[in-house]
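Please consult the sequence and the model while reading.

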Amino acid sequence: MTTQTHYWNRLIKPGIVALVGAGGKTTVLSKLVEYGRLAGQSVMVTTTTHLYESQVAQWNPFYGTDINKADEACTAAVLKGQCAAWFTGVDGTKVQALDSKQIDDMSKLHHKWQIIVEADGAKEKWLKAPKTTEPVIPELTQTTIGVVNLQMLGSPLDEEHVHNIELVKDIMGRQEGAIVTPSMLAHVVLDKKGLFQYSKGRKILFCTGYDTVQHRVIDDFIDHVVDSDITAIYLADGYKASCEIRRIIQCR
């Protein structure tokens with residue numbers, strides 16, 4: 001077993017896993033599918049927000065709202081060793097979300113499946129804090145993976161890099177243009193209105209951009225978040241296909 005397989009397998013288990021945050025959620029989703037299938041885990045993908053159709057077309061999704069028809073289509077895919085995917089429809093270039101109860105109901109039918117839910121939108125930026133209407137996390141979620149891009153460290157607090165910037169500014173207590181420090185980024189992760197505000201189940205902090213920032217700066221950030229109710233911190237290089245986990249820090 002390669003190191004990458006071992007690392008990713010630690011995130012692969014039956015139940016609902018919700019992805020929130022910014023800076024690599026869809027990358028993590030794709031990797032969970034890839035390694036889940038290699039491990040023989042039955043996998044289904046869906047969203048309570050939006051995903052580009054081009055990002056999910058490879059899984060030949062079922063589109064519709066009828067859970068019986070969705071169950072039939074997704075079960076057929078799983079029995080073929082494929083990733084199942086279910087969305088309500090397509091609107092332009094994006095697939096439309098399921099209601100969180102629909103996801104809970106599917107999980108009740110197939111409690112051995114890992115159902116991966118992209119539960120948060122961030123407009124491809126590096127950092128965000130959730131509004132009261134987002135993210136939408138199913139009640140039966142067993143793991144919430146919060147994603148941040150470490151490239152925010154040393155970058156300015158601006159709309160180019162940050163989604164929902166007014167909320168992030170409020171949490172950090174800084175003005176637009178301020179250079180993000182380890183303690184400022186940690187505030188967004190740990191604040192009650194921050195990254196994990198609506199999380200359910202165990203909390204995993206998944207950090208992308210590990211290869212782009214000085215490790216002493218990253219270690220400073222980790223020191224601020226390690227003594228919390230987060231279960232583990234994953235530090236990963238790269239993006240999309242090149243994304244590889246380099247370190248795992250067990251917190252609890």
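This is a predicted model: local features need pLDDT of at least 70, side-chain atom pairs count only at pLDDT 80 or more; totals for chains, interfaces and linings use all residues.

Q: What do the buried residues of α7 pack against?
A: They pack against β9 (127-128), β10 (141-149), α6 (165-172), β12 (202-208) and α8 (215-225), where contact means heavy atoms within 4.5 Å. Helices (H or I, at least four residues) and strands (E, at least two) are DSSP runs, numbered from the N terminus. The buried residues of α7 (residues 182-190) are P182, M184, L185, A186, V188 and V189.

Q: Why is S242 called partly exposed?
A: Buried means under 20% relative accessible area and exposed over 50%, with partly exposed in between (1.4 Å probe, protein chains only). S242 has 47% relative accessibility, so the residue counts as partly exposed. S242 lies in the loop between β13 (232-237) and β14 (244-250).

Q: What makes the buried residues of α4 line one face of the helix?
A: In α4, A70, C74, A77 and V78 are buried. Seen down the axis of α4, the buried residues fall within an arc of 95 degrees, so they line one face; the arc is that of the directions from the helix axis to the C-beta atoms. The face turned away from the buried side of α4 carries the exposed residues N68, K69, E72 and L79.

Technical notes. Residues are numbered from 1 along each chain as its sequence is written. Side-chain values use heavy atoms; hydrogens and water are left out.
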